[in-house]
Amino acid sequence: MPLQPDESTPLRAEEPDQRDRQLREYLLAPIDLHHAYLPLLACCFVTGIIDAGAYNAWGTFMGMQTGNTIFLALGAAGLPENAAHLKWLRSLLSISTFMLGSLISAAVTRPYGNTRRLSLSINFFVQGVSILAAAILITTDAIPQNDADSDKVLIGIPFLAWQFGAQVAASRALGYGEIPTTVLTSVYNDLASDPRLWTWRNPKRNRRAAAVVMVLVGGICGGWLSRLDDGFGIVLWIGGAIKVLLSLAWLGYDEAIE
């Protein structure tokens with residue numbers, strides 16, 4: 001008796017293709033931006049904890065580039081006289097790699113949709129890996145964490161500064177200008193000059209205030225951890241872990257409704 005063709009075979013063959021298509025559509029879908037500010041507030045904490053640790057250890061900011069600009073300007077005048085060795089160069093390196101991170105992040109993610117689940121997840125995962133790479137270098141003593149005069153510090157700065165540039169580029173793409181994640185000067189101004197400051201329901205005011213609190217809390221944590229012998233390394237492990245967790249969180253966000 002001749003064998004009859006298995007009519008279910010084409011269906012079974014199509015099932016993996018359908019699952020792959022569904023997964024691809026899910027990953028490439030833009031997220032609902034309604035609660036996208038929550039990861040950005042976590043980024044404010046990361047900025048606070050890392051910048052506090054970095055300034056204490058290396059005398060340079062990784063995310064807050066206004067301070068580095070002033071350090072660079074003072075360096076042109078040879079001030080302050082007791083400044084760490086090549087502090088102006090550290091500030092210049094931090095500013096340059098920060099801008100490079102913004103440039104790369106925007107240029108790479110914008111053509112593919114910078115609010116898509118996969119784009120955000122990869123972006124924050126790379127940021128987290130960059131911080132963790134610096135943490136490994138410090139933990140293994142490849143870069144000193146308590147020697148502000150060592151030229152090896154110049155190796156660690158790009159790992160941290162560039163990812164903050166990518167972080168800010170992502171926050172801009174998400175449309176939450178009231179949470180710049182690395183600077184508070186404009187936030188303080190916008191809070192104080194808000195005509196609806198004392199209105200009960202004011203989401204932007206609430207997000208600005210939350211950003212200030214998160215940077216402050218992160219800075220306090222970074223300061224206390226820096227009192228430990230391996231404090232800066234611990235700070236970076238925490239910051240990198242938060243970024244990796246955020247990269248996973250983006251994958252769970254709801255899809256934007258057209």
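## Helix 9

In helix 9, the buried residues (under 20% relative accessible area, with a 1.4 Å probe and protein chains only) are Gly231, Phe232, Gly233, Val235, Leu236, Gly239, Gly240, Lys243, Leu246, Ser247 and Trp250. The elements covering these buried residues include helix 2 (37-58), helix 5, helix 6 (153-173) and helix 8 (203-226). Helices here are DSSP runs (H or I, at least four residues), numbered from the N terminus.

Helix 9 has 21 residues (231-251), so at 1.5 Å a residue it should span 30 Å, and the 31 Å between its end C-alpha atoms agrees with this. The expected span is 1.5 Å times one less than the number of residues.

## Basis of the model

The model is predicted: local features need pLDDT of at least 70 and side-chain atom pairs pLDDT 80 or more, while totals for chains, interfaces and linings use all residues. Residues are numbered from 1 along each chain as its sequence is written, and side-chain values use heavy atoms, without hydrogens and water.

## The largest cavity

One cavity of 30 Å³ or more is present, and the largest cavity has a volume of about 40 Å³. A cavity is a set of points on a 1 Å grid over the protein atoms alone where a 1.4 Å probe fits but cannot get out; lining residues have an atom within 4 Å of a point. Volume is the space filled by probe spheres set on the points, which are joined across faces, edges and corners.

Among the lining residues are Gly53, Asn56, Gly231 and Phe232. Helix 2 and helix 9 each supply at least two lining residues, and helix 2 gives the largest share, three.

Conventions:
Buried < 20%, exposed > 50% of the residue type's maximum accessible area, 1.4 Å probe, protein only. Contact = heavy atoms within 4.5 Å. 1 Å grid on protein atoms, 1.4 Å probe; cavity = no way out; pocket = protein on both sides within 12 Å on 5 of 7 lines; lining within 4 Å.
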